[in-house]
Each structure stands twice: as C-alpha cells, then as structure tokens.
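User: Please take a close look at a single part of this structure and describe what surrounds it.

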Amino acid sequence: MRNSKKKMSENKKGFLRLLAFAVIVLLLFSAVSAVFHPKDGKDASGYTQNITMAYRAEENNTIDIAFIGNSNAYRAFNPSLLWEQHGITSCSIGAPMMRMDEVYYYIHDLYKTQSPKVVAVETNCFYSYLQDNETHKQIADGTIPTAAVGINPIAFKVSYDKEYFEKLLDDLNDAILSKVAYSASLMKHHDRWRSLEKNDFTNTRQQYFFVSKGYLYSDTVKPFGYNGNYMGGKNDEPQKMSKYNLFFFDKLYKLCQKHGTTLALVCAPCATNWDYQRHNFVKQLADDYGVDFVDYNLLPIGIDWKKDTKDEGTHLNVYGANKVTTEYAKVIVNTYNLSPSELTDKQKRAWDKDAKRYHTEIEK
C-alpha cells in the first residue's frame with residue numbers, strides 16, 4: 001500500500017515537472033517569436049496575431065477612432081484612407097470569427113494606451129457561432145465568471161450548429177493562416193536570424209507595427225452572383241443575438257461610457273451573412289442603448305458585387321473597403337463632429353509616411 005502511494009506521488013511529481021517544463025518552453029518560444037517577428041510594418045499578408053493589436057505600436061493617445069470586429073471589420077475600414085481624406089487617426093482591430101467577449105477584451109486593452117473618441121463595432125461579430133444554451137443562462141443569472149481585467153477571453157461551450165460550420169467555412173481562408181502565424185512567428189520568420197538587430201531585442205512594442213494600422217488589404221476579385229435582394233424582407237422577424245453576446249455588448253457599452261467614448265455600430269456590406277432579420281434586431285438594440293447604427297447593406301454607396309468582393313460576397317476587397325471608408329468618414333465628421341486629430345508635427349509626418357508606405361509597399 002505504501003509502495004503504491006509512493007509510486008503515485010512520484011508519478012504526480014514527474015507529471016508536474018513535465019508540465020512546468022512545457023510551460024517554460026512555451027514561454028521561451030513566445031518570447032523568441034517576438035524577437036524574430038519583423039518590425040518594419042510590411043507584412044502585407046497580415047496573418048499574425050500582431051495585426052489585431054496594431055494599435056499597440058502607435059504612440060500613446062494618438063488614435064481617435066477604433067474599428068473593431070471579425071474579419072469583416074479589418075477588410076472594410078482603411079485607416080490610411082481616412083487619414084489622407086480627413087487627417088483623422090484610426091486603427092482596425094479585427095480577427096477571424098471574433099466574438100463579443102474578445103471585442104470587450106481588446107477595447108479594454110486599447111484603453112491602456114489610447115483614448116479613442118469613437119469605438120465603431122462592425123456588427124457581424126454580434127452573430128458569432130455561439131448560440132443560446134445552458135451556459136448563457138449562467139450569464140443571465142450573473143453566475144458565470146466575468147472576463148476579468150487583464151485576463152484573456154473565457155472559453156465557453158459552443159453549439160456546433162449549421163451557422164457555426166457556415167461561418168467556419170466562410171472564414172477558413174483567413175483563419176487557418178492567421179491561427180498558425182498567430183502563435184508561431186518564430187516558425188514563419190525563422191530565417192530572420194541573419195538580419196536581427198538590437199532593435200529586435202529591445203523594442204518589443206514595434207512588433208505590433210503595421211503600415212496599414214490593422215487593415216488587411218486584398219485586391220482579389222471573386223464576384224458574388226445572386227438573384228434578387230439578399231437582405232430578404234424588410235419586415236422579417238428580428239434574429240436575436242445570443243445572451244452571451246448581449247452580455248458582453250452591455251459590458252462594452254458601460255466600458256465606453258466609463259472612458260467617455262462614443263460607441264457606434266456599423267455593418268459592412270456582407271451578402272452571405274447579413275439580412276433584414278439581423279439588421280432589425282441590431283437596429284432595435286441600437287435604439288435601446290441610444291447608439292447610432294449605420295448599415296451599408298441598405299445604403300446606396302455604389303457597392304458592385306461583381307468587383308468589390310474578394311470571396312463571393314463575404315468580405316470586401318480594397319475597392320469595396322475604400323467605398324465604405326469614404327462613406328463612413330462622412331458620418332464620423334458630420335455625426336460625431338470629429339476634426340483632424342491633434343498631433344504634433346512629428347506625429348503628422350509619421351502618419352503621412354505610413355500612408356505613403358501603404359500605397360508603395362502594401363498596395364503596390
């Protein structure tokens with residue numbers, strides 16, 4: 001009996017040593033990945049965790065607008081264009097299949113270094129694949145653990161329904177490449193060891209720098225062919241958001257209020273995942289909270305589904321993104337009364353330089 005207990009104790013110690021070793025290896029891998037990640041802002045593919053957090057590379061309190069959401073967000077809003085047209089600074093915070101808990105987490109992180117005047121949420125993320133189930137009842141009852149300050153988004157039970165797999169297939173092209181590079185900059189950029197400089201070891205903040213400020217460029221054209229109006233009927237019954245997403249929307253709203261930031265809702269054109277059912281619910285939600293909601297699936301901004309989509313109607317390419325950015329800039333100026341951002345001359349030159357680099361190194 002004693003030998004059995006002793007053996008179990010030894011096995012437990014061995015497991016703990018192995019676990020500790022694995023954790024140390026992962027931490028070292030992560031640290032080394034940060035060193036190897038390019039810091040020139042020219043990763044045109046954007047398939048890395050750092051494009052989501054591109055705002056971290058910007059000087060403190062220089063971002064006036066934050067666009068956030070899933071892949072529809074970083075495909076629709078172009079900060080370089082907004083800067084050139086109106087002299088207003090912005091960033092795009094997007095990730096494939098981003099959920100509302102992640103939206104809340106990233107905005108909370110944004111406030112550590114920035115004081116945005118407007119946070120514009122692209123509303124496709126309201127309908128992430130999480131559906132109402134017993135887990136969501138815990139949220140409504142207030143018994144579910146909250147996404148505490150500084151803690152990564154909590155993993156909840158997922159309903160693997162039809163919508164989940166449809167959304168998964170829609171985002172697969174972005175998600176696979178993004179997730180691999182997300183945790184493995186060392187694997188992607190291992191051959192940079194010959195060109196490492198002192199800056200690679202000391203300026204870790206620079207690893208987040210992207211010339212496009214989080215926008216993911218694509219000039220690919222894959223037309224969307226449809227019969228009739230993909231939005232459906234104007235009086236279609238509203239499709240409710242899950243209690244999960246509503247819970248974190250409310251937290252986001254209160255977070256923005258706390259920081260004196262205007263929360264805005266905007267929907268980019270999306271022919272495969274958006275319709276009147278979703279529009280009607282989000283419009284009702286916006287009215288209930290007293291926030292503005294602009295839906296570019298319903299406004300005549302010149303979207304041509306034969307030319308302005310990169311993947312048959314799910315995401316915009318650069319031609320569609322430029323139309324959305326140009327139109328929403330009018331809302332930013334006229335509705336929120338934003339004027340050119342207050343920057344030093346040095347900061348303005350830096351933004352001018354990045355905008356020029358966007359055209360010559362990303363658009364090229």
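Analyst: In this predicted model, tyrosine 328 touches Phe67, Phe77, Ala120, Ala264, Val266, Val294, Tyr296 and Tyr336, leaving aside residues up to four places away in sequence. Tyr328 and Phe126 have the most contacts inside the largest nonpolar core, which has 83 residues. Another core, of five residues, lies apart from it, and Ile51, Ala54, Phe210 and Leu216 are among them. In soluble globular proteins, nonpolar side chains tend to be buried together.

Phenylalanine 67 stands opposite serine 92 in strand 2. Strand 1 (residues 65-69) and strand 2 run parallel and are joined by five bridges. In a regular strand the side chains alternate between the two faces of the sheet. In strand 2, Ser90, Ser92 and Gly94 are on one side, Cys91 and Ile93 are on the other, and all are buried. Buried here means under 20% relative accessible area. Because five of the five residues of strand 2 (residues 90-94) are buried, this strand is largely enclosed by the rest of the structure.

Helix 4 (residues 79-86) also has buried residues: Pro79, Ser80, Leu81, Leu82 and Trp83. Their cover includes both strand 1 and strand 2, together with helix 12 (318-334) and helix 13 (345-363). At the start of helix 4, a side-chain oxygen of asparagine 78 comes to within 3.1 Å of the backbone nitrogen of serine 80. Just after the helix, glycine 87 has a positive phi of about 65 degrees.

Conventions:
Residues are numbered from 1 along each chain as its sequence is written. This is a predicted model: local features need pLDDT of at least 70, side-chain atom pairs count only at pLDDT 80 or more; totals for chains, interfaces and linings use all residues. Side-chain values use heavy atoms; hydrogens and water are left out. Buried means under 20% relative accessible area, exposed over 50%, partly exposed in between (1.4 Å probe, protein chains only). Helices (H or I, at least four residues) and strands (E, at least two) are DSSP runs, numbered from the N terminus. Two strands pair if DSSP finds at least two bridges between them. A nonpolar core is a set of buried Ala, Val, Leu, Ile, Met, Phe, Trp, Tyr and Cys residues joined through side-chain atoms within 4.5 Å. Contact means heavy atoms within 4.5 Å. A polar contact is a pair of N or O atoms within 3.5 Å; within protein, one must be able to donate a hydrogen and the other to accept it, and residues adjacent in sequence count only if both atoms are side-chain atoms.
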